[in-house]
Amino acid sequence: EELNRVIDIFARMGFSAHESRGLDDDFHMFTALNFPENHPARDAYDTFRTEEGFIPPAHTSTMQNRVLKAGRDKLVNENVPIASISYGRVFRNEDADVTHDHTFHQVEGVFVSRDATVGQMLGTLREFFETYYGQKLKIKTQPGYFPFTEPSMEFQIEKPAALGGGGKGGEWLEMLGCGMIHPNVLK
């Protein structure tokens with residue numbers, strides 16, 4: 001199964017793995033992630049909610065606050081980095097097409113240390129995708145925006161051979177959004 005393969009690659013890189021929740025609350029979905037009160041993602045049009053007010057998560061970022069709290073003491077007292085991935089099914093109010101779906105699986109990584117850098121993050125992502133696809137890959141980023149990261153980027157890889165790439169060059173696939181955890185989220 002692909003998910004087990006993804007978890008295994010990250011485990012070999014020193015990351016623990018935690019399954020995301022199937023239902024979550026407004027705090028973990030938005031407030032803890034620096035979403036302003038008037039952010040459009042909070043609207044009923046963008047986010048599903050149960051009658052009781054629970055939210056089928058639109059992203060596995062709902063686990064960030066829990067992961068950061070769980071690792072805080074070791075980071076502060078023993079200088080042990082927080083290195084974790086969260087994985088699970090996510091739900092979005094999207095029309096399905098070739099690149100979008102309303103229900104899919106997502107994996108998110110969190111790495112926090114006293115000296116973490118953007119370069120380390122990009123190197124970790126490159127290493128993951130090169131291991132996953134079994135080949136060296138070119139990468140690039142472009143600016144992005146996510147309320148819970150600063151700076152925010154969209155991470156792209158040159159299309160690997162396994163997906164029909166093969167040296168043609170110039171065919172890029174956006175794989176994920178990424179960035180350094182926003183200071184408000186760390187607080």
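**Close-up views of a predicted model**

View 1. Arg42 sits in the loop between helix 2 and helix 3; helices here are DSSP runs of H or I with at least four residues, strands are runs of E with at least two, and both are numbered from the N terminus. What you are looking at is a predicted model, so local features need pLDDT of at least 70 and side-chain atom pairs count only at pLDDT 80 or more, while totals for chains, interfaces and linings use all residues. Residues are numbered from 1 along each chain as its sequence is written, and side-chain values use heavy atoms, with hydrogens and water left out. Is Arg42 buried or exposed? With a relative accessibility of 11%, Arg42 is buried (buried is under 20% relative accessible area, exposed over 50%, partly exposed in between, using a 1.4 Å probe and protein chains only). Arg42 and Ile157 are 115 residues apart along the chain, and their C-alpha atoms are separated by 31 Å.

View 2. Glu37 lies in the loop between helix 2 and helix 3 and is exposed, at 66% relative accessibility. From Glu37 to Asn77 there are 40 residues in sequence and 34 Å in space, C-alpha to C-alpha. Asp46 belongs to the loop between helix 2 (26-29) and helix 3 (64-78) and is partly exposed, with a relative accessible area of 32%.

View 3. The side chains of Arg12 and Asp8 form a salt bridge, at 3.0 Å from N to O. A salt bridge here means a side-chain nitrogen of Lys or Arg within 4 Å of a carboxyl oxygen of Asp or Glu, and a search of the whole structure turns up 9 of them. Why are Arg12 and Asp8 separated by about one helical turn? Because they are 4 residues apart in helix 1 (residues 2-12). Arg12 is exposed at 58% relative accessibility, while Asp8 is partly exposed at 37%.

**View 4. Lys138 and Glu158, linking distant parts of the chain.** Lys138 meets Glu158 in a salt bridge, at 4.0 Å from N to O. Lys138 is in the loop between helix 4 (118-133) and strand 4 (139-143), and Glu158 is in strand 5, 20 residues apart. Lys138 counts as exposed at 52% relative accessibility, whereas Glu158 counts as buried at 16%.

**View 5. Glu171 and Lys159, in the loop between strand 5 and strand 6.** Glu171 forms a salt bridge with Lys159, and their closest N and O atoms are 3.8 Å apart. Both residues lie in the loop between strand 5 and strand 6 (172-181), so the pair ties together parts that are 12 residues apart in sequence. Glu171 is partly exposed at 31% relative accessible area, and Lys159 is partly exposed at 25%.

**View 6. Gln156 and its polar partner.** Gln156 is in strand 5 (residues 149-158) and is buried, with a relative accessible area of 9%. Which side chain does the side chain of Gln156 make a polar contact with? That of Gln142, at 3.4 Å. A polar contact is a pair of N or O atoms within 3.5 Å; within protein, one must be able to donate a hydrogen and the other to accept it, and residues adjacent in sequence count only if both atoms are side-chain atoms.
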